[in-house]
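Let's take a walk through this model together, with the coordinates open beside the text. We will go from the loops to the salt bridges, then to the core and the pockets.

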Amino acid sequence: MTERGMEGAEGADAQVETLSEAQCWELLRRAEIGRLAVWVEDHPEIFPVNFAVDHGALVFRTAEGTKVSAALGGSAVALETDGPDAESGTAWSVVVKGRAEQITDTAGLMDTVRLPLFPWQGGEKGKFVRIVPTEVTGRRFPIVSPEWWRTPLQDVPTAAEE
C-alpha cells in the first residue's frame with residue numbers, strides 16, 4: 001500500500017472523489033461481483049451476483065427463486081460493487097439503481113451468450129436478467145490505516161471467556 005493510503009486521511013470525508021458516470025462504467029466493466037439489493041415482501045434482501053456490462057446495462061444469470069422473483073417484481077433494484085486499488089491506496093464504490101427485466105427475446109438471449117457470466121454456484125441458471133439503470137453513482141476515497149480507528153480501550157484486557 002502506498003504511503004498515502006497508510007498515512008490515512010484528515011477525516012471521514014477527506015479526499016472523497018465523486019466519480020463521473022463514465023468512470024463508474026469503467027469500473028463496472030472491470031468488476032465481476034456485485035450485491036443485488038431487492039425488496040422481498042416487507043423487507044430488503046441482498047444477494048451476491050456475477051454480472052457483466054452489456055449495452056449500457058448490467059446483466060446477470062440466475063435460477064428461479066427469491067432473488068429473481070423479487071428483482072422482476074416491479075420494484076426498483078440496486079446493485080453495488082466496490083474494490084481496492086492497492087497501487088494508489090484508494091478504494092472505490094459504484095451503485096447502479098434501476099429496474100430489472102428478464103431477457104426473453106431471441107436476439108437478447110443470443111447477445112448474452114458472449115458475456116462472461118460465471119455464477120459461483122452450479123446448477124440450472126437459465127434466467128437472464130438485465131438491470132436498466134436510472135442512476136449510476138460512485139466515489140473513490142483513500143484507504144486509511146487501521147491505526148486511524150484504534151482507541152485506548154482496544155488494548156485493555158478483558159475478562160476471560162467462560
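## Loops, bridges, core and pockets

Glu-41 sits in the loop between strand 2 and strand 3. Keep in mind as you look that this is a predicted model. As background, most residues other than glycine have a negative phi. The relative accessible area of Glu-41 is 73%, so the residue counts as exposed.

His-55 can be read alongside it. This residue is in the loop between strand 4 and strand 5, and its phi is near 55 degrees, again a positive value in a residue other than glycine. His-55 is exposed, at 63% relative accessibility.

Now turn to the charged side chains. The structure holds seven salt bridges. One of them joins Glu-80 and Arg-35, with N to O at 2.5 Å. Glu-80 belongs to strand 6 and Arg-35 to strand 2, so this pair links distant parts of the chain, 45 residues apart. Glu-80 counts as buried at 19% relative accessibility, because the cut-off for buried is under 20%. Arg-35 is partly exposed at 32%. Salt bridges with shared partners join Arg-35, Glu-80 and Asp-82 into one network.

Is Asp-54 buried or exposed? Its relative accessible area is 2%, which makes it buried. Arg-114 forms a salt bridge with Asp-54, and the closest N and O atoms are 2.9 Å apart. Arg-114 lies in the loop between helix 4 (106-113) and strand 8, while Asp-54 lies in strand 4, so the bridge ties together parts 60 residues apart in sequence. At 52% relative accessibility, Arg-114 is exposed. Asp-54 also meets the side chain of Arg-130 in a salt bridge, at 2.9 Å from N to O. Because Arg-130 is in strand 8 and Asp-54 in strand 4, this pair ties together parts 76 residues apart in sequence. Arg-130 is buried, with a relative accessible area of 15%.

Next comes the interior. In soluble globular proteins, nonpolar side chains tend to be buried together. Here the largest nonpolar core has 27 residues, and those with the most contacts inside it are Leu-28, Leu-36, Val-38, Leu-58, Val-94 and Ile-131. Among the elements that each supply at least two residues of this core are helix 2, helix 3, strand 2 (33-40), strand 7 (90-102) and strand 8 (127-142). A second, separate core has six residues, including Val-59, Ile-103, Leu-115 and Phe-128. Leaving aside neighbours within four places in sequence, the contacts of Val-38 include Phe-47, Lys-67, Ala-70 and Val-77.

The largest pocket holds about 260 Å³ of space. It is lined by 16 residues, and Pro-48, Lys-67, Pro-119, Gln-121 and Lys-125 lie nearest its centre. Strand 3 (43-50), strand 5 (57-62) and helix 3 (66-71) each give two or more residues to this lining. By class, the lining has seven nonpolar, five polar and four charged residues.

The second largest pocket has a volume of about 160 Å³. Its lining includes Leu-28, Arg-29, Phe-51, Val-53 and Phe-118. Helix 2 (21-30) and strand 4 (52-54) each give two or more residues to that lining. By class, seven of its lining residues are nonpolar, one is polar and two are charged.

Key: Residues are numbered from 1 along each chain as its sequence is written. This is a predicted model: local features need pLDDT of at least 70, side-chain atom pairs count only at pLDDT 80 or more; totals for chains, interfaces and linings use all residues. Side-chain values use heavy atoms; hydrogens and water are left out. On a 1 Å grid over the protein atoms alone, a cavity is a set of points where a 1.4 Å probe fits but cannot get out, and a pocket is an open set with protein on both sides within 12 Å along at least five of seven lines; lining residues have an atom within 4 Å of a point. Grid points are joined across faces, edges and corners, and a volume is the space filled by probe spheres set on the points. Helices (H or I, at least four residues) and strands (E, at least two) are DSSP runs, numbered from the N terminus. Ala, Val, Leu, Ile, Met, Phe, Trp, Tyr, Cys and Pro count as nonpolar, Asp, Glu, Lys and Arg as charged, and the others, Gly among them, as polar. A nonpolar core is a set of buried Ala, Val, Leu, Ile, Met, Phe, Trp, Tyr and Cys residues joined through side-chain atoms within 4.5 Å. Buried means under 20% relative accessible area, exposed over 50%, partly exposed in between (1.4 Å probe, protein chains only). Contact means heavy atoms within 4.5 Å. A salt bridge is a side-chain nitrogen of Lys or Arg within 4 Å of a carboxyl oxygen of Asp or Glu.
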